[in-house]
Amino acid sequence: MNLIDKQLKTAIVEAFQALFDFKLDVSDFELQPTRKEFEGTHTLVVFSYLRHTKKGPEQSGEAIGDYLKTNTSIVSDYNVVKGFLNLSISEKAWISVLEKISGDAAYGTFEATGEKVMVEFSSPNTNKPLHLGHLRNNFLGDSVSRILAARGHEVMKVNLVNDRGIHICKSMLAYEKFGAGETPDSTGIKGDKLIGNYYVRFDQEYKKEIEGLIHQGMDPEEAKKQAPLMLEAQEMLKKWEQGDEATVALWKQMNGWVFDGFDISYETMGIVFDKVYYESDTYLLGKDIIQEGLDNGVFFKKEDNSVWVDLTADKLDEKLVLRGDGTSVYMTQDIGTCDLKHKDFPFNRSVYVVGNEQDYHFKVLFTIMDKLGRDYANGLYHLSYGMVDLPTGKMKSREGTVVDADDLMQEMFDTAQKQTEELGKIEGLTAEEAEELFRTLGLGALKYFLLKVDPKKRMLFNPQESIEFQGNTGPFIQYTHARISAILRRASSLEIGQDFDPAKVESIHPRVLDLIHKLTEYPKVIDGAAKDYSPALVAQYVYELAKTYNGFYQDVPIFNEDNQEVVKFRIALSASVAKVIKSAMSMLGIGVPERM
């Protein structure tokens, strides 16, 4: 609840007690934003309280409005439209609120809740470099983690790396056959990209073998199974699982190259993890829990000895949890990893940031954990997000047609440089400062564009649109921050402080009221974004705040004022907006420049 809402709700509680002898609690009602066609900022809907007021809706609204205007300092005026009481907040209340916001360095963040939240995101495969889809995943996971931390929760960011399995063996086999001993150092190619090239090479050679077998008269489906490369890859996986020395050595070497590559990509993105899990350490987990489920009647065995769970009563299907030969399926290890993560970090909530193609898998997993009696099961949450498309359509890594994350980030830096130089926004910057600005703008544009869309929606990424300095873009908001920073530097050079005297600030411009009102919404936005796991709410808010400030900047000359207390007030207002822009953008993992 923001500062104005708190004061206003307390005053409304007093009004109900004085007028109707009814004890209303501040938690019993919500205030709505006033519709734009009516005067006011806050609206109380009175219909629910007519049995207590014993008056009609309009008379009730007028009685409450009149009481607030006469007996409190917060309401300056009101109007009633049917049963809607629209309230205008007094200028003195707005000024007082700005004073509080201005003096609060941690404005928008919450006190510690004691709640632990684990956020799992990224989860790359070690057979290919990160791509555009990974960028949305990483930015979402990182941003949600930041928002949850701002809401007062203790957050642990984890990454579960898929570093084993048949797809990894495909890259290994192709490297063994066609690599001729080349390394990232010998080729000058980043480790993850080098290994990704061999994943593509495997697919190319595998397709040739399938075509050859079909040409010899083999059924296409049988050809896919009998192609020599596929049989060799399966044999390599068996050798790895048996601990064959040469196979494990090659696996370690190639994965090491990939991890080195990933580290560079994560550093460019500004992404760090508190803990990294590896599937090679977790893939055997869960078998003991399958036995526990059998003992408790949660699972059942079929004739071939395979173990299943029947979730038809939960509107899901029967699901295999252990093969007849005793080997794991993905669900087995996910069950085991779930318990392991809770043991490492006894969370209240665990958020999985994974694409929406896995919606069904997580419904099944969470239902199983609930049936197994895990007390943390109702805190499991799948943050499902839509795919990212480009004008050319969906991406396929087997064919080497993915949009590489490193290449895309570099393209954004280059585009930011071109745009910024054309607009003359780097005058007075050193070469190092200019380079830092290009990276801040390029990465900010990319992150903002991917995060401003509701996570659940599939989206089309437009690189050129994302880097524009006008409209709903990261650079527009970053430029607004730089503009305010320039104003604050000028104020400092003129020795104008921000410690204004509220009593000496009289009438204030409507643009100023709009801006303070927008500032008061920030804590509520953080709270809502944390509840909904939605960085898009923060992105939309900070865009509107920047837009509102630009309207104020156009209409209100900050320094052209005889009353120095009013100038200080405007400087304090500008500084508060810069502080909130910086804070909100940091929730999205985006930096803001001091100068442009």
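Predicted model: local features only at pLDDT ≥ 70, side-chain atom pairs only at ≥ 80, totals over all residues.
Colleague: What makes strand 11 and strand 12 a pair?

Modeller: Two strands pair if DSSP finds at least two bridges between them. Strand 11 (residues 349–355) and strand 12 are joined by six bridges in the parallel sense, so they count as paired. Residues are numbered from 1 along each chain as its sequence is written, and side-chain values use heavy atoms, without hydrogens and water.

Colleague: Which strands form the open sheet, and in what order?

Modeller: Five strands form it, in the order 7-6-5-11-12, with parallel pairing. Strand 7 (275–278) and strand 12 (380–385) are called edge strands because each pairs on one side only. Neighbouring strands here are turned by 25 degrees against each other on average, direction ignored; the axes behind that angle are lines fitted to C-alpha atoms, with angles running from 0 to 180 degrees between N-to-C directions.

Colleague: Why is strand 4 called largely enclosed?

Modeller: Buried means under 20% relative accessible area, with a 1.4 Å probe and protein chains only; exposed means over 50%, and partly exposed lies in between. Strand 4 (residues 84–89) has five of its six residues buried, so the rest of the structure largely encloses this strand.

Colleague: Which strands are joined to strand 4, and by how many bridges?

Modeller: Strand 2 (residues 42–45) is joined to strand 4 by four bridges, antiparallel, and F84 in strand 4 is the bridge partner of V45. Strand 3 (residues 75–81) is joined to strand 4 by six bridges, also antiparallel; there Y78 stands opposite L87. The hairpin of strand 3 and strand 4 has two residues between the strands, and K82 takes a positive phi near 55 degrees.

Colleague: How many helices and strands are in the chain, and what counts as one?

Modeller: There are 23 helices and 14 strands.

Colleague: What share of the chain's contacts joins residues at least 24 apart?

Modeller: A contact means heavy atoms within 4.5 Å. Among contacts between residues at least 6 apart in sequence, 74% join residues at least 24 apart.

Colleague: What percentage of the 596 residues is buried?

Modeller: Buried residues make up 53% of them.
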